[in-house]
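Take a look at the structure below. Then follow the text through it, one place at a time.

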Amino acid sequence: MRTDLVIERFEPDRAARAGFAAYHDVVKACQAADRPGEPTLPLEELIGRLKKPMPGMGRAVHWVGLRHRDVVAVAEVFLLDEENSDIAMVNVKVHPEHRRAGIGSALLCAILPELKAQERRVIEGGDVVAGTAGQLWADAVGFRQVRRVVRQALITATADRTRWDVPVPGGYRLEYWEGTAPENLIESYALARGAIRDAPLGDSGYRWPEYTVERVRAAEAELRSQSMLQRLVVAVHEASGAVAAFTELCVHPRRPDWGYQRDTAVVAEHRGNGLGRCVKAHMLRRLVTDAPEVRWISTTTGAENMHMIRVNDEVGYTTLPTLIAVQGELTAVEARLGAVRRSPAVRSRIDRPGNGSGDRQRGTSGRVADGS
Ligand SMILES: CC(C)(COP(=O)(O)OP(=O)(O)OC[C@H]1O[C@@H](n2cnc3c(N)ncnc32)[C@H](O)[C@@H]1OP(=O)(O)O)[C@@H](O)C(=O)NCCC(=O)NCCS
C-alpha cells in the first residue's frame, strides 16, 4: 500500500494566485486552531511575506505537502545570515484535519537535505505556541526548548490612552523620525541599537547583530525596499547629545491596520529612569494620531525580560499565549526522525513497504513523493 503524501518545493516567484490561496488555507486553519481569537493573516500579507521575507530573516525556502493534490501542510525555512549563518529557522504547519498522520515529520525529513546543502548546523523553530500540538511534536522529533517568548498585543480602540501620558524624564528630550535616522544622531543611534544585545535569548543559538552605522543604514534601506514604514521614537540625553533609548514600530501598507512593535532598548547607563515606558508611550500616542487605521499592535519579548513585559503591561498591552523557541542540531534531529520513521507505528503511515521514506529528494525541483 502506498501513502498519498507528495512534498514539493513552493516557489513564490512562480506561484499562481490559486497556489497562494491553498497555502493560505493551511496557515488560516492552523491559526484558528493554535491561536484562536487572534486576527487572521490576510492573504495579501502572506503573499507579500512569501515573496519577500521580513528584513533580518535571510533567504527563505518553502515546501508544501499535498494529498490528492490538496495542500495539507506547509514548511517555511529561513536561512539566516551573517552571525547566524549556521541556523535554519524552520516553521512546519499541518492543517488540523490532517494532523497525527506523520505529515509534519515527513515534511521535516524532506527538507533536511536542503538544510545540509546550505551548511546549516542548527535548526530552530520559533513559532510554537506553548501547550499546543506543536510543543509535543517538537519534543517527539528531537528538538529541545531553548526559550520562552511572551507575546503581547494592544488593541488601539480599547486601550486606556491615559496610560500614554508619561512625562519625559529630566535631562532627556524625545525625537521622532520615519525611515531614516538623522545624520546628527546616526552614530549614537547605532550604538544604542547595540543595547538590544542585553535582551536575554535563553539558550537559543541566535546571536544579535553587531550594529554599525552601515548596518543600520542597510536595514533602513531594506525596510524601504519593502515599503515598510519604520517609525522611531528616541530619547536623547541632553548633556551628551547621545541616543539613550529607542523604540521602533513598523507598519506595512498591505496591512495598514497592524503595527509591528519591534526592538526597544535603553542604553545600560541610562536604565532605571523610566525611558523604556516613556519612548513606548510616546510612540503609541503618536501612532494613533498619525495612523488611526492601526487597530492592533503586536510585540514579542523573551519571557525572562520582566522589565519590558511590565512596561508593555503599563502602556496597555495584553498578554497572549506564550511561544516556545525550540532547537536541535541537524544531525540529532535527522537521527531522531530516522528512528521515528523506523518505529512500527509511524512506519505504517509514512514509510510503508514498497514506497521508500518520505524524505527522498527527486529531481532538481526538490520534489519528494511517497509512492512515486
Ligand atoms: C506541529 C505539527 C506540524 C505536527 O504535525 P503532524 O503531522 O500532526 O505531526 P506528526 O504526525 O508527524 O507527529 C509526530 C509525533 O509528534 C507527536 N505529536 C504530534 N502532535 C501531537 C499531539 N497533538 N499530541 C501528542 N503528541 C503529538 C507524537 O509523538 C507524534 O507521533 P504519533 O502520532 O506516532 O504519536 C502540527 O501540529 C502543526 O501544524 N502545529 C501548528 C504549527 C506548529 O506548532 N509547528 C511547529 C513549528 S516548528
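Predicted model: local features only at pLDDT ≥ 70, side-chain atom pairs only at ≥ 80, totals over all residues.

Start at the ligand. Which residues come nearest to it? The shell around the ligand has 20 residues, and the nearest of them are V92, V94, R100, G104 and S105. For V94, a backbone N or O atom lies 2.7 Å from an oxygen atom of the ligand. For R100, a backbone N or O atom lies 2.8 Å from an oxygen atom of the ligand. R99 uses its side chain instead: a polar atom there lies 3.3 Å from an oxygen atom of the ligand.

How much of the ligand does the protein cover? On its own, the ligand has 930 Å² of accessible area, and the protein covers 83% of that. Next, see where the shell comes from. Strand β4 (87–94) gives two or more residues to the shell. So do helices α3 (103–117) and α4 (133–140). Sorted by class, the shell has ten nonpolar residues, five polar ones and five charged ones.

Now turn to the rings. How many aromatic pairs does a search of the whole structure find? The number is seven. One of the pairs is F10 with F20. Their ring centres are 5.6 Å apart, with 80° between the planes. An angle over 60 degrees counts as edge-to-face, and this pair is edge-to-face. F10 lies in strand β1 (residues 5–10), while F20 lies in helix α1 (residues 17–34). The pair therefore ties together parts that are ten residues apart in sequence. Are these two residues buried or exposed? Both F10 and F20 are buried.

F10 has a relative accessible area of 9%, so it is buried. Y23 has a relative accessibility of 2%, so it counts as buried too.

R9 lies over the face of W63, at 5.1 Å from the ring centre. R286 lies over the face of Y176, at 3.8 Å from the ring centre.

Next come two loop residues with a backbone angle to note. R69 is not a glycine, yet it has a positive phi of about 70°. Where is R69? Its place is in the loop between β2 (59–67) and β3 (70–79). R69 has a relative accessible area of 78%, so it is exposed. S227 is not a glycine either, and its phi is positive at about 60°. This residue sits in the loop between α6 (213–225) and β8 (229–237). Is S227 buried or partly exposed? Its relative accessibility is 46%, so S227 counts as partly exposed.

The last stops are buried residues. N312 is in helix α8 (residues 306–314). Its relative accessible area is 0%, so N312 is buried. Which side chain does N312 contact? A polar contact of 2.6 Å joins its side chain to that of K280.

C250 is in strand β9 (residues 242–251). With a relative accessible area of 0%, C250 is buried. Compare its place in sequence with its place in space. C250 and L223 are 27 residues apart in sequence, and their C-alpha atoms are 8.9 Å apart.

Move on to H252, in the loop between β9 and β10 (258–266). H252 is in a loop, and at 6% relative accessibility it counts as buried. A polar atom of the H252 side chain lies 3.1 Å from the backbone nitrogen of R254.

Terms used: Residues numbered from 1 in each chain as written. Heavy atoms only, no water. Near = heavy atom within 4 Å. Polar contact = N/O pair within 3.5 Å; in protein donor to acceptor, adjacent residues only side chain to side chain. Areas by Shrake-Rupley, 256 points an atom, 1.4 Å probe, with all protein chains shown as cover. Helix = DSSP H or I, 4+ residues; strand = E, 2+ residues; numbered from the N terminus. Nonpolar A, V, L, I, M, F, W, Y, C, P; charged D, E, K, R; others polar. Phe/Tyr/Trp six-rings, centres within 6.5 Å; stacked < 30°, edge-to-face > 60°. Buried < 20%, exposed > 50% of the residue type's maximum accessible area, 1.4 Å probe, protein only. Lys NZ or Arg CZ within 6 Å of the ring centre and 35° of its normal.
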